[in-house]
Amino acid sequence: MAGRAPFLPEQISRYIAEHAVREPQVLRELRKATAPVKWSGMQIGADQGNLMAMLVKLMGAKRCLEIGTYTGYSALAVALALPKDGKIVCCDISEEWTSVGKPFWKKAGVEKKIDLRIGPALETLKKLKGPFDFVFIDADKENYLNYYERCLTLVRRGGLIAVDNVLWSGEVANDKADDDLTVALRKFNDRVHNDKRVEIAMLSIGDGVTLALKR
């Protein structure tokens, strides 16, 4: 199934995938190529890719930023939605994983829109200058707050930060779950909920996505 909707009954999840997902062929091919890769479950669903592409188009975004690229599905979804002069800067630490996506970026004709930076994301972020229109955070959860704070300085007013995995398979709502990743995500969710610098919405798409619109 093209989409991931773990919080919905299988029947409803399948219906959404069949009626609300339009996944370009090149994205389907990248999904297939990612399937045998280690941690392939980290890849976002096609429904989430659709959402991100629509947000980028609605905003008229030209300058985007991604923290955590993996095999490049989300980067490709955004790049396809960007205008010809659009650009997405992608931060990741793995040349092995990102190399999976590069042939598909080229096949889609958007490789020049994707500026891949290999290295610790916090170091890369220190060197970047804003403003960015749209940011997607989907990397190591312990650093979510650090990424978020830096991205708030880089995104323009009216710009959007999207953050993945905020529901963490429902574990954030499980009082008995006290592992480091779950605790980090709870702290992040609490901080954003109380952050008056942004307007927020938490969606149950995929593994949970928070949208934070900078005031």
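Strand 1 (residues 63-67) and strand 2 run parallel and are joined by 5 bridges, where strands are DSSP runs of E of at least two residues and helices are runs of H or I of at least four, both numbered from the N terminus. The model is a predicted one, in which local features need pLDDT of at least 70 and side-chain atom pairs count only at pLDDT 80 or more, while totals for chains, interfaces and linings use all residues. Residues are numbered from 1 along each chain as its sequence is written, and side-chain values use heavy atoms, with hydrogens and water left out.

Strand 2, helix 5 (residues 95-107) and strand 3 together make a right-handed β-α-β unit. A crossover is given this hand if the path from the first strand over the helix to the second runs clockwise, with the strands pointing away from the viewer.

Turning to helix-helix packing, helix 2 (residues 25-34) meets helix 5 at an angle of about 165 degrees, with the axes 10 Å apart. The two helices are therefore roughly antiparallel, as angles over 145 degrees count as roughly antiparallel, those under 35 as roughly parallel, 65 to 115 as roughly perpendicular and the rest as oblique. The crossing of helix 2 with helix 5 is right-handed; a crossing is left-handed if the near helix is turned anticlockwise from the far one by less than a right angle, and right-handed if clockwise. Helix 2 contributes Val26, Glu29, Leu30, Ala33 and Thr34 to the contact, and helix 5 contributes Val100, Gly101, Phe104 and Lys107. These residues comprise 5 nonpolar, 2 polar and 2 charged, where Ala, Val, Leu, Ile, Met, Phe, Trp, Tyr, Cys and Pro count as nonpolar, Asp, Glu, Lys and Arg as charged, and the others, Gly among them, as polar.

Helix 2 also packs with helix 4 (residues 73-81), at about 175 degrees and with the axes 10 Å apart. This angle makes helix 2 roughly antiparallel to helix 4. Val26, Leu27, Leu30 and Arg31 of helix 2 touch Tyr73, Leu76, Ala77 and Leu80 of helix 4, a set with 7 nonpolar, no polar and 1 charged. Helix 3 and helix 4 pack at about 35 degrees, with their axes 8 Å apart, in a right-handed crossing. In this contact, Ala46, Gly49, Met52, Ala53, Val56 and Lys57 of helix 3 meet Tyr73, Ser74, Ala77, Val78 and Ala81 of helix 4.

Two backbone details are worth a look. Most residues other than glycine have a negative phi, and most peptide bonds are trans. Trp39, in the loop between helix 2 and helix 3 (46-59), has a positive phi of about 65 degrees although it is not a glycine. Gly130 and Pro131 are joined by a cis peptide bond, with omega about 5 degrees, and Pro131 lies in the loop between helix 6 (121-127) and strand 4 (132-137).

Key. Axes fitted to C-alpha atoms, helices over the stretch in contact; angles between N-to-C directions. Contact = heavy atoms within 4.5 Å. Pairing = 2+ DSSP bridges.
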